[in-house]
Every structure is written in C-alpha cells, then in structure tokens.
Amino acid sequence: TIILAIESSCDETSAALVRNGRDVLSNIISSQISVHKKFGGVVPEVASRKHIENISGVIDTALSEAKLKLDDVDGVAVTYGPGLVGALLIGLTTAKALAYAKKLPLIGVNHIEGHIYANFIQHKELEPSFVCLVASGGHSHIVNVVDYGKYDIMGMTRDDAAGEAFDKIARALGLGYPGGPLVDKIAKEGNAQAIDFPRAYLEEGSFDFSFSGLKSAVLNYLNSLSMKGMKTNVSDVAASFQQAVVDVLSDKLIAAAEVKNSPYAVLAGGVAANSKLREELSKKGAKKGIKVLYPDPILCTDNAAMIGCAGYYKLLRGEVSEMNLNAVPNLTL
Ligand code: ATP
Ligand code: MG
Ligand code: FE
C-alpha cells in the first residue's frame with residue numbers, strides 16, 4: 001500500500017511517499033525558515049502564499065525521488081489540523097484535488113498524531129502501548145498511546161508549549177528564529193548551573209506543564225542585568241534555561257512511563273531534537289530500566305512522512321475522510 005502524504009500546517013511544505021506505513025520512499029521538505037526569519041517568527045499570510053508556490057513542485061519531487069507515478073498511489077493522507085488555517089487549506093485542497101481526480105481515498109490526519117508516528121518509522125519494531133512526550137512549537141503533551149488511533153492524554157501544558165518557550169527565549173537573547181536549535185547549540189558552551197531558574201513541577205503526581213513562569217524569570221533576569229548595565233553571558237543563560245526545561249520534561253515523562261508500566265519513554269515533536277533532552281532522558285531511563293526512543297531530527301520537526309505513516313494506519317482501520325473535510329486550526333488529539 002502506497003500513501004502520498006502532504007503536510008502544510010505551519011512553515012514547512014512537505015510531501016512524502018510511504019509504503020506500508022513505515023517504509024519511507026521519499027520525504028521532501030521545503031522549509032520557509034529563510035523567508036520568516038527576518039520577521040522573527042512565522043507570518044501566516046506569507047506562509048500560505050509560499051505553500052501555494054511550492055506545493056506542486058514538492059509533490060512532483062517526492063514522486064520522482066520515489067520513482068513512482070500518481071497511478072501507483074493507493075491513498076492521499078493530509079494534515080487537516082491543528083495549525084494555521086490558511087496554510088492547512090493549501091495542503092488540504094491539493095490533497096482533495098488529487099484524491100478526486102485519481103479516485104483515491106482521502107485520509108485526514110491530526111498533525112500531533114503524525115508527530116507520534118514518526119517513531120514508528122524510526123523504530124520498525126515499536127508497537128503500542130507506550131508513553132510519549134509530544135513537545136513541539138505549539139504543544140506539550142504526555143500521551144499514553146494505548147493503540148493505533150487510541151490516545152489517553154495524561155497531561156499537557158497550561159500555558160506556553162516547550163518549543164514556544166525556546167523560541168521566545170532565543171529571541172530575547174538575540175539568537176534568531178527558530179530558537180530551539182540555536183539555544184541547543186550555544187548552550188553547549190555554557191554552564192547549566194550558572195543561574196537557578198525555577199522548575200514548575202505543579203501538583204504532586206501531575207503530568208501537566210507550565211513554562212510561563214520560567215520564561216518570565218529569564219526575561220526578568222535579562223532586564224535586571226541590562227538595567228545594571230551588566231553584560232549577559234548568553235551561553236550560560238541559554239544552558240541554564242534549557243536545563244530547567246529538560247529537567248521537568250524528562251522527570252515527568254519517566255514518571256508517566258513508570259505509572260503506566262511502559263517499557264518505553266518515547267519523544268516526539270520538534271523539541272525531541274534537543275540534544276540535552278535526549279541525553280538526560282536516556283540517563284534517567286537507564287536508571288529505571290525504561291528504554292528511551294526518539295526519531296532522527298528530520299523526523300522530529302514537521303514532515304509529510306509522519307503524516308503518511310499515521311494515514312496508513314487510519315486507512316487500515318477504514319477511517320477515510322469525506323470530500324467536505326475542512327481545516328481545523330485548533331484540532332485536538
Ligand atoms: P505543532 O507541531 O505544535 O503544531 P510546529 O509544527 O510549529 O508546532 P514543530 O515543527 O514540531 O512545531 O517543532 C518546531 C519547534 O521545535 C520550534 O519551537 C523549535 O524551536 C523547536 N525545536 C527544534 N529543534 C530544537 C532543538 N534542538 N531544541 C529545542 N527545541 C527545538
Ligand atoms: Mg516549522
Ligand atoms: Fe509540528
């Protein structure tokens with residue numbers, strides 16, 4: 001079974017061909033980072049326009065790299081939410097047109113579900129159930145993946161997402177956009193114990209997150225330094241901030257895996273690419289006999305292959321979408 005998958009929820013235009021769910025034949029990602037960088041973040045109108053310009057070429061390239069034609073495709077999977085409505089609509093209308101013209105099933109996929117499925121591509125033997133932390137630009141969830149398509153949300157952020165916190169702190173430090181990879185890199189040169197930023201563990205046993213207090217603490221620290229006319233040690237601030245985020249994310253994921261007796265603690269979403277998070281989790285997991293899994297960085301951030309994998313398992317269950325499927329910007333898992 002060959003799935004053509006399309007992803008356009010934010011600032012990556014992506015198309016992929018995936019065989020039997022886990023075998024990626026091509027995964028073309030056209031990033032708009034260079035376009036949005038000068039604005040310090042994603043500009044929705046610009047994103048929609050760029051998706052229109054790029055989408056046909058990205059799909060053509062995905063087909064040719066996979067050495068396939070549209071006639072070889074058995075279904076079209078597409079992200080229909082959550083994300084920017086204008087951006088989502090470009091991928092969705094393209095997918096509908098292709099499905100209609102070629103009389104193929106249309107499979108609407110939840111983007112957050114897609115992030116989790118990147119792990120099924122990376123780890124061919126992985127099967128549910130397992131506990132997964134989805135930490136991305138807009139979401140921070142701890143999910144018990146009970147089965148394909150069956151999710152029990154154990155906790156989520158009460159304010160900012162983890163990736164959002166990385167992006168905001170990077171901006172305050174003058175590092176640029178997107179902030180996660182830049183903080184990750186410069187933190188390697190800093191002292192993570194230099195500044196004791198707060199860690200919000202919330203109530204005993206809670207798997208929720210809160211990053212707004214940490215964000216304020218970092219901003220206040222930077223403001224007080226500049227008012228005293230003192231220079232900021234950017235790498236120390238980045239390292240200390242990152243350590244505070246990583247401590248909470250990793251402690252809560254390991255605790256959630258223990259509660260559910262999950263043999264695995266799985267990472268997904270853009271923040272899963274963070275080197276400190278991977279390192280710290282692997283250490284904590286090893287102590288508890290829990291195996292820590294994560295996808296390659298390219299499968300952590302937005303890509304269509306993960307949507308193709310999730311779409312394949314939906315097609316297997318007969319969960320096909322109607323042609324009137326609409327974009328749902330605030331779709332939940
Ligand atoms: P969502 O998936 O919630 O809709 P999104 O699609 O914009 O949001 P992703 O593409 O999954 O988010 O991830 C992008 C986020 O991941 C950005 O916030 C980025 O800063 C963060 N990120 C990427 N690499 C790293 C890294 N190495 N360390 C920390 N954060 C990272
Ligand atoms: Mg992106
Ligand atoms: Fe994403």
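Lys67 lies in the loop between α2 (44–65) and β4; helices (H or I, at least four residues) and strands (E, at least two) are DSSP runs, numbered from the N terminus. The model is predicted, so that local features need pLDDT of at least 70 and side-chain atom pairs count only at pLDDT 80 or more, while totals for chains, interfaces and linings use all residues. Residues are numbered from 1 along each chain as its sequence is written, and chains are lettered from A and ligands numbered from 1 in the order in which they are written.

Lys67 has a positive phi, near 55 degrees, although the residue is not glycine. With 10 other C-beta atoms within 10 Å, Lys67 is exposed (a residue is buried if 20 or more other C-beta atoms lie within 10 Å of its own, exposed if 12 or fewer, and partly exposed in between; C-beta atoms are placed from the backbone). Lys103, in the loop between α3 and β5 (106–110), has a positive phi near 50 degrees and is exposed, with 6 C-beta neighbours inside 10 Å. Most residues other than glycine have a negative phi, and most peptide bonds are trans. The bond from Gly81 to Pro82 is cis, with omega near -10 degrees, and Pro82 lies in the loop between β4 (75–81) and α3 (85–101). Pro128 and Ser129 are also joined by a cis peptide bond, with omega about 10 degrees; Ser129 is in the loop between α4 and β6.

An unreviewed UniProt entry gives a "binding site" that includes Val134, Gly180, Asp184 and Asn274; UniProt positions are in the numbering used here, feature names are shortened, and annotations may be inferred rather than shown by experiment. Val134 is part of strand β6 (residues 130–135) and counts as buried because 27 C-beta neighbours lie inside 10 Å. Asn274, in the loop between β9 (264–268) and α9 (275–288), is buried, with 28 other C-beta atoms within 10 Å. Apart from neighbours within four places in sequence, Asn274 is in contact with Gly180 and Asp184 (contact means that the C-beta atoms, placed from the backbone, lie within 7 Å).

Around ligand 1 there are 25 residues, of which Gly137, Gly138, Gly163, Gly180 and Gly270 come nearest (a residue is near a molecule or strand if its C-beta atom, placed from the backbone, lies within 6 Å of it). The largest share of this shell, four residues, comes from α6.

Note on methods
Two residues are in contact if their C-beta atoms, placed from the backbone, lie within 7 Å.
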